[in-house]
Structures are given as C-alpha cells and as structure tokens.
Amino acid sequence: MPATTASSPPPPAIQANQHIYDDYFEEDFTRTVDENILQLLDRVWFRSELVGFEDFPQRNNPDRPLIFASNHSGMAFPWDAMVALSHLFRYLPRHESMRDLPRPLSAPLLSQTALMNPYLVKDFWKKCGCVDATTLNFETMMYYQDHNLMLYPEGVPGIGKGFNRKYELQRLATSMVRLGLQHGTDIVPFYTINAEYLNPYAYSFDPINRLTKKIGIPFLPLTVLLLLVLIQPWAFYLALPAKLVFVMGTRIRPSDLTDKTVDQLTRDEYLALSEQIRQQMQAELDAAVQAHGQKPYRWRELWQRMKENRRFFPFFLPFAWPAVFTEFERLYVKEGRRNFRMQLDKPGAWLRMLWRNPITLAYFIPLLGWIPLAIKGYKGNKLGQKA
C-alpha cells in the first residue's frame, strides 16, 4: 500500500468515524482551564521545562499530522501528559501555528468513568482534545488536519509498570510504525523525565490490576501513599512535586527503516521495526535521564516558587486542587461562563469554593468520603460499552 495523499479519500469506515474530531473537543475549555488552574500548578508544583523544542518539528507530509510519542510514567495519575500539553499549548502560539500542537490519543480507561477524570470533572480529557486510543480512532486521526497527534505507544502496560522498571520502555504499539509508513509521516519522540517520581516506590501486581480494571481503574499502585488515599480521598489524584522535564528526541522516518510497503510487511516484521524504534528511544531516554533526572524534586527551587507565588496559597498544594477543579467545572459547565478569571489570590477563596461545592468536602472525610465520590464517579459509567 503506497503512502496516502490529500487526494486519497478516507475509507468509508474512517469517513463514518470522523465525528470524533469534534465530538467533545473544546479549545475554549482547554484554554480556560490552563489559564485558571494549570499555569499555576505548573509554575509552582511541576515547574516543567522543554529541552530541544526551539526548532519545533514541522510536517514532512503537509497533508498528514506528525506522530509525537513519549514514554509513560509508571504508577501515577497522568499529570505528566497534562502538564506537557499545557506547556505546549502556551509555548506554540509564539511559533508557527497552533496546528503544530499535538492532540493526544489516550487510554480508553481514562474516559470510561468520571473517577478517572481529574476530580470528577466530566469528560475532562476529551474536552481537552483527547481521543480514545483505539485502532479505528488512530487511523481516523491520521486524516485530521487541525493538529498533530501525540500518543504514549507503551499503552496501559507503560502506566502500570512499577517503580522497579522506571524509565524502561515497554513494547511499543506496532500501529505507530504501520500508520507512519502508510501515511508517509514521521514519528517525533520526546522523553518525559522525573515523572516517575510523581508517585515513587509504587508497584503493581497483575491479579490485583485485573480486578481494578473491572471498576474502571487500570491499575492499583501499591505504596505507602495508598493508606493516605483511604483516609484522605483527595490523595487519589496526588502527585509529588517532581520537576517535569520534556526532552526532544531524534526524529524517526519509518520509510527509512524498510524497503517494503505496508502490505508486504508481516506481523513479525512490524514487531521487529517497533523493537528497533524502542531501542533507539530507550538509548535516548537513558541519556536524557542522566542529563536531567538526577535531582527529580529540586526542593530549593520548589520552595522559592512557593514564596514567589504565596498570594495564591493554598491552590498550588494538592489538597486544594479538588476545590479549584470543581469550582472551574461549576463556572464553565454548569453556569456556562466564558473568558472568566478565577480570583485565586483573594483571601478566603478556597473556603468559598468549598462552600459553593459541598461535594469537595468528601475528599477530606476518612473512608466514608469515598461513598459520595464513588456514586458521582461511576454515575452513567461506560464500563459496559466496548472501547
């Protein structure tokens, strides 16, 4: 099968699936949550940094999106992906075009229950542009023109790897190679450093994970922090203050790896190509860890950022995040406001948010607080639907 071109119409199944481009995605939602919440969390708590993004990659095939690919951080809520996209969302307007911004393909389990959305904000991931990472959706998004794509090709096994396998790339999805070849577009790897320390010394076991998947949780990290989750439910989304560094890797052109066409390659050959890419990415990831991952927390810098932003206390601390996310949802979704700015630096703002959103009090009630959160988190869940 030759590489597709703009004149090649999508197959009927993909044409019928192109509604996923616009089903949930709201650029205003993304911009507003970034301005009101994520910028502060990033500035103080995560302190993210882009390395090597100055010459931002441009499409080698103007008619097809680039495929950005990164390593997963194990055992943690996906704050790393949220921070990466938030940082790029602010970074790219100074460059060529928002068309360069990667739009993510995410694990379907993240969208199947409200519980797996940050602080029960319904459809948070999809409103920010995420699309469920199914084969059909990936193939459909290769015809998308408005943004590039971003994926974590390790899939759920990458999220579920324990701290003993930190920075070890799991087997990569062969679909990334196949679609890169089919559409004549490049793969742009970048490496997420220090996110392994968002929830360190956490481990998982397959028998337990098989049970948690039945309730929409892809894995259960076994760690000392698990006890905190029981007595303080807000800790379910907790991230420790690791400084997140995103390092650009070496661009990969799949057509340079083989002389065969898409249809000529066998399953074993796709696996071999995927492994070749994995080994290249692993070597670059190891080098990035050596350069940027030796001091994951940088406590002095964190303390300095807290002092500089003390007027926003306590909103840069994790126990206050449930209130600010819930208040954002109340203003944006329930009241339909747009272009608003939350006054996080006003005295008593956090207490007023708790008063306006009583559900947030449940995050602080030991054990019993999980009852109302679970009811809201699983209301109208999609676990019975096929991803």
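Predicted model: local features only at pLDDT ≥ 70, side-chain atom pairs only at ≥ 80, totals over all residues.
## A look around the fold

Asp123 sits in the loop that links β3 to α4. The backbone of Asp123 has a positive phi, near 60°, even though the residue is not glycine. Most residues other than glycine have a negative phi. Asp123 also counts as buried, because its relative accessible area of 15% falls under the 20% cut-off.

Asn194 is another residue of this kind. Its loop runs between β6 and α8 (206-213), and its phi, near 80°, is again positive in a residue other than glycine. With a relative accessible area of 0%, Asn194 is buried. What does Asn194 touch, once residues up to four places away in sequence are set aside? The list is Tyr167, Ala242, Lys243, Leu244, Val245, His292, Gly293 and Pro296.

Here are the two side by side:

Most peptide bonds are trans. The one from Phe313 to Pro314, however, is cis, with omega near 5°. You'll find Pro314 in the loop between α11 (299-308) and α12 (321-334).

Now for the sheet. Seven strands form an open sheet with mixed pairing, in the order β1-β7-β6-β2-β5-β3-β4. At the edges are β1 (49-51) and β4 (131-132), each of which pairs on one side only.

With β7 (residues 245-248), β6 pairs in the antiparallel sense over four bridges; Thr192 has Phe246 of β7 as its bridge partner. With β2, the pairing of β6 is parallel, also over four bridges, and there Ala69 is partnered by Pro189 of β6. Is β6 enclosed or open to the outside? Seven of its seven residues are buried, so β6 is largely enclosed by the rest of the structure. That holds for both faces: Ile187, Pro189, Tyr191 and Ile193 are buried on one side, and Val188, Phe190 and Thr192 are buried on the other.

Helix α3 (residues 79-91) lies across β1, β3 (102-106), β5 (148-151), β6 and β7, and runs at about 75° to β1. Helix α10 (residues 267-292) touches β1, β2 (67-70), β6 and β7, with its direction at about 35° to that of β6.

Next, the nonpolar core. In soluble globular proteins, nonpolar side chains tend to be buried together. The largest core in this model has 119 residues, and Phe46, Trp79 and Phe325 touch the most other members. Beyond its neighbours within four places in sequence, Trp79 contacts Leu41, Phe46, Tyr119, Leu198, Tyr237, Leu238, Ala239, Trp321 and Phe325.

Finally, the largest pocket. It holds about 850 Å³ of space, and 49 residues line it. Nearest its centre are Leu105, Ser106, Ala107, Leu151 and Tyr152. Elements giving two or more residues to the lining include α2 (27-46), β3, α5 (135-141), α7 (174-183) and α10. Which helix gives the largest share of the lining? That is α3, with six residues, the helix that also lies across β1, β3, β5, β6 and β7.

Definitions and conventions. Residues numbered from 1 in each chain as written. Heavy atoms only, no water. Core = buried A, V, L, I, M, F, W, Y, C linked by side-chain atoms within 4.5 Å. Buried < 20%, exposed > 50% of the residue type's maximum accessible area, 1.4 Å probe, protein only. Contact = heavy atoms within 4.5 Å. Pairing = 2+ DSSP bridges. Axes fitted to C-alpha atoms, helices over the stretch in contact; angles between N-to-C directions. 1 Å grid on protein atoms, 1.4 Å probe; cavity = no way out; pocket = protein on both sides within 12 Å on 5 of 7 lines; lining within 4 Å. Points joined across faces, edges and corners; volume = space filled by probe spheres on them.
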